[in-house]
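Subject: Structure handover

Hi,

Here is the structure for you to look over. Please keep it open while you read my notes below.

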Amino acid sequence: LCAFFAANDYSDLKGELMLLGRLIGARFVLDARENPFAAATIVKEPGDGHVEWSRSCALAYAFRGATGDEGAAQVRMAMRRKPAIVEPVVRKLAEHHKRTQEPTPPP
């Protein structure tokens, strides 16, 4: 069993689930959900009052093993033997992720 806590509620979670689900074929046993023990950091710059914020451990999810999906199994094998083969797939997923992420407004 492998449990994860996504740092924030938009790009981290989406990217992690995309890679784990589509590329690795992870078998999720706990769907992503709000973590009741999440934290936030708020930084206020002196002078101009500009505020930045970020969340940590915002969401939790877990998986155990991977599906029997042949495509995911081939990717796992390629990652172990020839990581360069997997790079174009990861780059394609990263570009899709970059185009579709939606930042959450600060609290």
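The largest nonpolar core in this predicted model has 12 residues. They are Ala6, Leu13, Met18, Leu20, Leu23, Ile24, Ala26, Ala58, Leu59, Tyr61, Phe63 and Leu93. A nonpolar core here is a set of buried Ala, Val, Leu, Ile, Met, Phe, Trp, Tyr and Cys residues joined through side-chain atoms within 4.5 Å. Buried means under 20% relative accessible area, with a 1.4 Å probe and protein chains only. Helix H1 (11-24) and strand E5 (59-66) each supply at least two residues of this core. H1 gives the most, with 5 residues.

Helices (H or I, at least four residues) and strands (E, at least two) are DSSP runs, numbered from the N terminus. The protein has 3 helices and 5 strands. Along the sequence, the pattern reads β-α-β-β-β-β-α-α.

Now find Tyr61 from the core. Beyond its neighbours within four places in sequence, Tyr61 contacts (heavy atoms within 4.5 Å) several residues, including Phe4, Leu13, Leu20 and Phe28.

Next, the hairpin. Strands E3 (residues 39-44) and E4 (residues 51-56) pair in the antiparallel sense over 6 bridges. Pairing requires at least two DSSP bridges between the strands. Thr41 has Ser54 in E4 as its bridge partner. Between the two strands lie 6 residues, and Gly47 in this hairpin takes a positive phi near 90 degrees.

Overall, 23% of the 107 residues count as buried.

Some ground rules: residues are numbered from 1 along each chain as its sequence is written. Local features need pLDDT of at least 70, side-chain atom pairs count only at pLDDT 80 or more, totals for chains, interfaces and linings use all residues, and side-chain values use heavy atoms, leaving out hydrogens and water.

Best wishes

Terms used. Buried < 20%, exposed > 50% of the residue type's maximum accessible area, 1.4 Å probe, protein only.
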